[in-house]
Amino acid sequence: MSRACGGNGGVIINVSSMAGLMPAPQQPVYTATKCGVIGFTRAMAETSKRENYGVRINTMCPAFVNTPILKTIDEEENMGKYFKDRDAIRKMMSNFGILEPAAVADGLMKIIEDETLNGAVMKITKTKGIHFEDYATGYLQEVQEVVMRKDPEEANEEVTESRKC
Ligand SMILES: NC(=O)C1=CN([C@@H]2O[C@H](COP(=O)(O)OP(=O)(O)OC[C@H]3O[C@@H](n4cnc5c(N)ncnc54)[C@H](O)[C@@H]3O)[C@@H](O)[C@H]2O)C=CC1
Ligand SMILES: CCCCCC(=O)/C=C/[C@H]1C=CC(=O)[C@@H]1CCCCCCC(=O)O
């Protein structure tokens with residue numbers, strides 16, 4: 001797919017979850033994997049841009065969606081020691097509401113069609129619909145740009161200077 005490998009470019013959409021953006025105390029490992037998907041997506045999107053892969057890489061973070069995975073909350077084998085906490089998860093579901101898969105399909109289509117999106121973290125919730133996690137990228141970009149073109153000591157000084165008020 002990458003132009004660097006002779007491909008035509010394209011778009012990759014990784015599937016994270018709202019659990020990757022907020023702590024899900026009954027599912028710490030799930031939370032960690034979904035956070036990982038977000039970090040990986042954002043880093044690879046930046047790599048793709050710099051290396052001119054021609055591939056847009058984005059991720060989506062739906063809240064609860066009506067699919068078979070929700071039934072796994074009632075499986076002790078899946079929940080392990082958090083099985084006893086399934087009522088808390090059910091309460092969370094009832095507070096958040098449950099999306100239909102079509103809402104996720106709408107998000108997928110938006111990412112495919114909007115060619116400006118790269119490194120985006122799309123949230124999909126019952127109350128707000130499709131919206132995006134806002135990162136303070138200005139500082140990060142500034143640091144990355146300076147660090148990429150300077151020797152470490154010079155870059156460090158420049159970044160420190162630029163942050164002085
Ligand atoms: N349903 C929900 O509430 C939400 C789901 N997600 C994410 O969406 C993605 C899809 O989940 P759903 O369609 O909801 O669940 P699902 O349970 O309907 O589908 C998951 C699929 O993954 C397959 N699978 C599981 N382990 C696998 C493995 N090791 N190798 C290959 N395939 C494997 C299963 O056979 C199943 O077909 C997952 O990454 C999930 O974490 C994200 C947010 C909310
Ligand atoms: C706000 C969390 C939204 C999570 C959406 C999601 O990815 C759901 C996945 C669940 C399906 C089976 C599970 O074991 C998953 C995790 C449930 C996390 C719920 C956290 C509830 C809580 O912390 O109270």
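Which helices each supply at least two residues of the lining of the largest pocket? In this predicted model, they are α1 (28-51), α2 (76-79), α3 and α4 (101-113).

**Figure 1. Lining of the largest pocket.** The largest pocket has a volume of about 690 Å³. Its lining consists of 30 residues, and S17, A19, Y30, F64 and L70 lie nearest the centre of the pocket. Helix α3 gives the most to this lining, namely four residues. By class, the lining comprises 22 nonpolar residues, seven polar residues and one charged residue.

**Figure 2. Surroundings of ligand 2.** Ligand 2 sits in the largest pocket. A shell of 18 residues surrounds the ligand, the closest being S17, P25, Q26, Q27 and Y30. Helix α3 (residues 86-96) contributes three residues, the largest share of this shell. The shell contains 13 nonpolar and five polar residues but no charged residue.

**Figure 3. Polar contacts of ligand 2.** A polar side-chain atom of Q26 lies 2.6 Å from an oxygen atom of ligand 2. The side chain of S17 places an N or O atom 2.7 Å from an oxygen atom of the ligand. At P25, a backbone N or O atom is 3.3 Å from a ligand oxygen atom. Ligand 2 taken alone exposes 570 Å², of which the protein buries 95%.

**Figure 4. The second largest pocket.** This pocket holds about 370 Å³ of space. It is lined by 15 residues, with R42, E46, G119, T137 and Q141 nearest its centre. Helices α1 and α5 (137-149) each supply at least two lining residues, and the largest share, five residues, comes from α1. The lining divides into six nonpolar, five polar and four charged residues.

Conventions
Residues numbered from 1 in each chain as written. Chains lettered and ligands numbered in written order. Predicted model: local features only at pLDDT ≥ 70, side-chain atom pairs only at ≥ 80, totals over all residues. Heavy atoms only, no water. Near = heavy atom within 4 Å. Polar contact = N/O pair within 3.5 Å; in protein donor to acceptor, adjacent residues only side chain to side chain. Areas by Shrake-Rupley, 256 points an atom, 1.4 Å probe, with all protein chains shown as cover. 1 Å grid on protein atoms, 1.4 Å probe; cavity = no way out; pocket = protein on both sides within 12 Å on 5 of 7 lines; lining within 4 Å. Sits in = over half its atoms within 2 Å of the grid points. Nonpolar A, V, L, I, M, F, W, Y, C, P; charged D, E, K, R; others polar. Points joined across faces, edges and corners; volume = space filled by probe spheres on them.
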